[in-house]
Amino acid sequence: MTKSIAILSQIRQRRAAMPKPEPENSLLLRLLVQALVIVGIVATDVAGETFGTEESVSVWAVPLSIVGAVWSWYRRRERNIPTKFGIALGMLAALAYFLWRLREEFNDTRLVLAGLLIHLQVLHSFDLPRRKDLGYSIAIGLILLGVAATVSQTMAFAPLLLVFLALALPVLVLDYRSRLGLKPLKIKNQNLKTKDSPFFNFKFLIVNFIVILALGLTIFAFLPRLPGYQLRTFPISSPIEFTGSFDGRNVVNPGYRNRGRNNQNERGGTGSGGRNVEDGPGELDPTFYYGFNTKINQNLRGQLEPAVVMRVRSQAEGFWRVLGFDRYTGQGWEISRNDKTFKVDRPWWSYRFYIPSLPTANRTKEVIQSYTIVSDLPNLIPAMAQAEELYFPTQQVAVDTEGGLRSPPQVGLPAGVTYSVVSNVPFRDRTRLGKASTKYPKTIQQYYLQVPPQIQEKVRKLTEEILANKNKVAKDSKPLTSAYEKALYLTQYLKQHPNYKLQKDPPFLAEGEDLVAAFLFGYKNSPPGEKITGGYPDHFSTVLTIMLRSIGIPARLVGGFGSGEFNPFTGFYVVRNTDAYLITEVYFPKYGWFAFDPIPGHPLFPPSVEEDQTFSVLKQFWQWVAGWLPSPVSNFLSHVLGGAITWIMRAIGYFLALFAQGWIGLFTGLAMAIALAFCFWFAWDRWRVCHYRRGLEKLPPMESIYRQMLDILAVKGYRKHPSQTPLEYARTSRQHHDIEWGDGIDEISQAYVRWRYGGESPNIEQLRRRLQDLKKQILAASKKMD
């Protein structure tokens, strides 16, 4: 026992004899580090969209971290043993809370980990005696900002990123000077030369801020957007539990009026007091798109009020498909086999649903999308075509006969939900589709060739006349024989024909009047003496679908969202309710369904995987910039930059293709790579020489001669140390060089000192000759050594 006490006593004595750690006494550095931490905490809140809500972390973390930083400043010279024990207990509590939250947010742990870091930083702020401890705080602030960058979906994060960068620059300067043990910075005031200001060179910091920002934006814009996710863990909300049975037939669209229990069970849809009615003329609900329901009415009039409904991150721009319709009712559409909707379960250990899909002989490409719902939507799950995997937070989802995905009606698609989809999107190969068979399966003919008998002959006759007249207008063109070419031509025809225009407020359909007939031949409710044709954008898609069906080409109507507005800074497509519209899908045996868009102002096909997405960020960024430029300027730059980028991409493609052409291609590619590398090196070397010469020309003659001498000697390994004066360097040189070298170095150095500090005018011509002699002597010595 006595021996143990003696050992403990020795330990105490040694610890007491140890010098205390040197505290960091720079108050300015501490203030800036604390500001960095606050920005990181607030950025996490803003990016997670919890700022100002009950879940906000900043409300308590920012004040507590400030209190801790003040406490740490006044206690920086003390050992603070009780404080350290308190911090250790607090860290254990933070770990327990983290593990508890991790159980609920196991799939996406980014914000949970950020919460743990914030707890640790608040505790850590109560004990920051040394510069190293401040360094830990800087690292935590940077990590929090990085987490916020991966979570953020809006531009609200951008100002905080700029503030963080503006604070980080002086923090790095102060931290580096503290490491070197230097005194605080002082800069000369140009207006008052006799006074010094112990602060920063703001001009230096501002220039560096602008350079870093410009360089970062350039790298971001030109960074290739390569396809493929290396990890199969996608963003998904925490599990959503619901009570009651899941009837996959029901669709809840708040824009439709509540029809009552009996009608609801019969048709498989529900409403909640909206303006839309399923039959007859009515007013359009301004919030919820009418086209997302098991039965839609196209005799509604009005406009949607724009509102953001979701944000999408996708590997490719696309049409976010929601649902399809197979039965035309004369004034709208419905899903005839809604009762055959089936449910899909996922395993308890995974969020992944496997969605059945039709096989295709076409080439496909995997496209991963992540959706974040901003405003409440019907319980219909948007996804790109041919969804094969769905990562959704409920235990069950439903799939209808038209490939639409549905969540439980009790859950819907509420604001804040995040889910992911993996789609195998088919490529649109015009040659293959043009040769597709016209022998359609019976199930396809049964459901996708339906046309009301009262208009069938009239629409068929008009459609065939349109296709026949195509050959008369363009005599040299080949006759349209394939279903694909017919669909393509009819799509263009509806877009461009002057008789079929977009109507802002077309007349209501009379009772029993057919929409397609009214669109093509005139509305019965047209004003006297006036014939109104055309209609709303969605009416164009309905007309195209029925025209194709009338000539025996299977087609269906599909509703969804356009890609929306791409934000190049966040990487998300911002989708509004006004981006929703209807398009036509046409069936091709062995290849499946392909979309055609007859709406004027839209492209012929929705965006898909046919376009190269590698530099889509650069493309979208340029479109955003061009929107601010005058049209002549943007057109000129688009032509020039577009041509340059196209040429560069073709050159890269040709170069990479060489390596796939056997041994000859391999050696040719390697030879070209070596030649290009030499050309780049030679250009860089010439640029350095020219830049060096221009720099010498700007210097005074004496300084130019002295600088050339130092550069020549530095190349030979005799570099001048920054702490050496010119005369000290000249004296040292005599110990390493022969007399002739030493005399030349000494003469030029003496002349430089007299000119620099004595104001004497040197003999420039003589010194230049002396410099040339020195060059020759060094060159001769080098040859002799070789």
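Okay, to start: which helix does Gln 121 lie in? That would be helix 5, which covers residues 110–124. Keep in mind that what we're looking at is a predicted model.

So, is Gln 121 buried or exposed? Its relative accessibility is 1%, and the cut-off for buried is under 20%, so Gln 121 counts as buried. And what is Gln 121 in contact with, once we leave aside its neighbours within four places in sequence? Three residues turn up: Val 37, Ser 137 and Ile 140.

Now let's go to helix 2, which takes in residues 27–47. Helix 2 has 21 residues, and from its first C-alpha to its last it reaches 30 Å. That's close to the expected value, also 30 Å, at 1.5 Å a residue. Helix 2 is mostly covered, too, with 16 of the 21 residues buried. After helix 2 comes Glu 49, and its phi is positive, near 60 degrees.

Last stop, the pockets. Rolling a probe the size of a water molecule over the atoms shows where empty space is left. Here I'll take the second largest pocket, with a volume of about 1,000 Å³. Its lining is made up of 50 residues, and the ones nearest the centre are Arg 321, Ala 385, Gln 386, Arg 556 and Trp 593.

Notes
Residues are numbered from 1 along each chain as its sequence is written. This is a predicted model: local features need pLDDT of at least 70, side-chain atom pairs count only at pLDDT 80 or more; totals for chains, interfaces and linings use all residues. Side-chain values use heavy atoms; hydrogens and water are left out. Helices (H or I, at least four residues) and strands (E, at least two) are DSSP runs, numbered from the N terminus. The expected span of a helix is 1.5 Å times one less than its number of residues. Buried means under 20% relative accessible area, exposed over 50%, partly exposed in between (1.4 Å probe, protein chains only). Contact means heavy atoms within 4.5 Å. On a 1 Å grid over the protein atoms alone, a cavity is a set of points where a 1.4 Å probe fits but cannot get out, and a pocket is an open set with protein on both sides within 12 Å along at least five of seven lines; lining residues have an atom within 4 Å of a point. Grid points are joined across faces, edges and corners, and a volume is the space filled by probe spheres set on the points.
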